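The following exercises are intended for a reader who meets this structure for the first time. Each sets a task and then works through the solution step by step.

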Amino acid sequence: MNTTVLVFHPHITESKVNAALAKAIEGTENVTVRYLYDIYPDGKINVEQEQAELAKADRIIFQYPVYWYSMPALARQWMDDVFAYGWAYGSKGKALHGKDFAVAVSVGAPLAAYAPDAEVGHTVEEFLLPLKASAAFTGMNFQTPFVTGGAFTITDEALAKQVEAYKAFIKA
Ligand SMILES: Cc1cc2nc3c(=O)[nH]c(=O)nc-3n(C[C@H](O)[C@H](O)[C@H](O)COP(=O)(O)O)c2cc1C
């Protein structure tokens, strides 16, 4: 099974969590890690290239830090451009059908804040609903997300554990 991990982090050199997670899975057999902000520093996405990359993948993973309860801007742009009519959806758009789709996100706030009766008032999974619905719309199987909470204050020890968990998640 080929896995393509799309890392959307606008400042990967300043990242603690996503940089560590992505680096840990680089070089894993049948896993391709792509840093989209490095590939497209001007934000102009090569749609044909991206679609060709996805065609090779059985599983697509979106990895990003949560910004404003959503995804960094390039990730949204990438979806708008790459999941095109006639390719990703529409009567002839079946390119993504049957693929697995997963999300690996980090949030600055502790996971305890992401609950109906806590500070944020919603679960992390609720904020992922547009991606879940988009996966369904394009015929992909949405898998259990990989969530790293408390990124603002994460210790090196906790991050090391999370890195091991991510490696297992990628190999599953
Ligand atoms: C512009 C911006 C918006 C953010 N919005 C949120 C948010 O809505 N919820 C949250 O828990 N953390 C938020 N954060 C914190 C990031 O999610 C956190 O810094 C990131 O997950 C850490 O990952 P990194 O070490 O890879 O940068 C935000 C950070 C930035 C810079």
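**Exercise 1. Determine how strand E4 is paired and how far it is enclosed.**

Step 1. The model is a predicted one, in which local features need pLDDT of at least 70 and side-chain atom pairs count only at pLDDT 80 or more, while totals for chains, interfaces and linings use all residues. Residues are numbered from 1 along each chain as its sequence is written, and side-chain values use heavy atoms, with hydrogens and water left out.

Step 2. Extend the view to the strands. E3 and E4 pair in the parallel sense, over seven bridges; two strands pair if DSSP finds at least two bridges between them. Helices (H or I, at least four residues) and strands (E, at least two) are DSSP runs, numbered from the N terminus.

Step 3. Consider the two sides of E4. Asp100, Ala102, Ala104 and Ser106 point one way, whereas Phe101, Val103 and Val105 point the other way, and all are buried. Buried means under 20% relative accessible area, exposed over 50%, and partly exposed in between (1.4 Å probe, protein chains only).

Step 4. Conclude. Seven of the seven residues of E4 are buried, so the strand is largely enclosed by the rest of the structure.

**Exercise 2. Describe the surroundings of Val103.**

Step 1. Locate the residue: Val103 belongs to strand E4, residues 100-106.

Step 2. With a relative accessible area of 0%, Val103 is buried.

Step 3. List the neighbours. Not counting residues up to four places away in sequence, Val103 touches Phe62, Tyr64, Leu128, Leu131, Phe142, Pro145 and Phe146; contact means heavy atoms within 4.5 Å.

Step 4. Val103 and Lys92 are eleven residues apart in sequence, and their C-alpha atoms are 26 Å apart in space.

**Exercise 3. Are helices H3 and H4 roughly parallel or roughly perpendicular to each other?**

Step 1. Take the geometry. H3 (residues 47-55) and H4 (residues 73-82) pack at an angle of about 85°, and their axes are 10 Å apart. Axes are lines fitted to C-alpha atoms, for helices over the stretch in contact, and angles run from 0 to 180 degrees between N-to-C directions.

Step 2. Apply the classes: angles under 35 degrees count as roughly parallel, over 145 as roughly antiparallel, 65 to 115 as roughly perpendicular and the rest as oblique. H3 and H4 are therefore roughly perpendicular to each other.

Step 3. Identify the residues involved. H3 contributes Val47, Glu50, Gln51 and Leu54 to the contact, and H4 contributes Trp78, Asp81 and Val82. These residues comprise four nonpolar, one polar and two charged. (Ala, Val, Leu, Ile, Met, Phe, Trp, Tyr, Cys and Pro count as nonpolar, Asp, Glu, Lys and Arg as charged, and the others, Gly among them, as polar.)

Step 4. Examine one of them, Gln51. Gln51 is buried, at a relative accessible area of 13%. Leaving aside neighbours within four places in sequence, Gln51 is in contact with Val82, Ala84 and Trp87.

**Exercise 4. Trace the chain from E1 through H1 to E2, and state what H1 packs against.**

Step 1. Pair the strands. Five bridges join E1 (residues 3-7) to E2, and the two run parallel. Thr4 stands opposite Thr32 in E2.

Step 2. Turn to H1 (residues 17-25), where Val17, Asn18, Ala19, Leu21, Ala22 and Ile25 are buried. The buried residues of H1 pack against E1, E2, E3, E4, E6 and H7.

Step 3. Follow the loop between H1 and E2, which holds Asn30. Just after H1, Gly27 takes a positive phi of about 85°. Asn30 also has a positive phi, near 65°, in a residue other than glycine. Most residues other than glycine have a negative phi. Asn30 is partly exposed, at 42% relative accessible area.

Step 4. Finish at E2 (residues 31-35): four of its five residues are buried, so this strand is largely enclosed by the rest of the structure.
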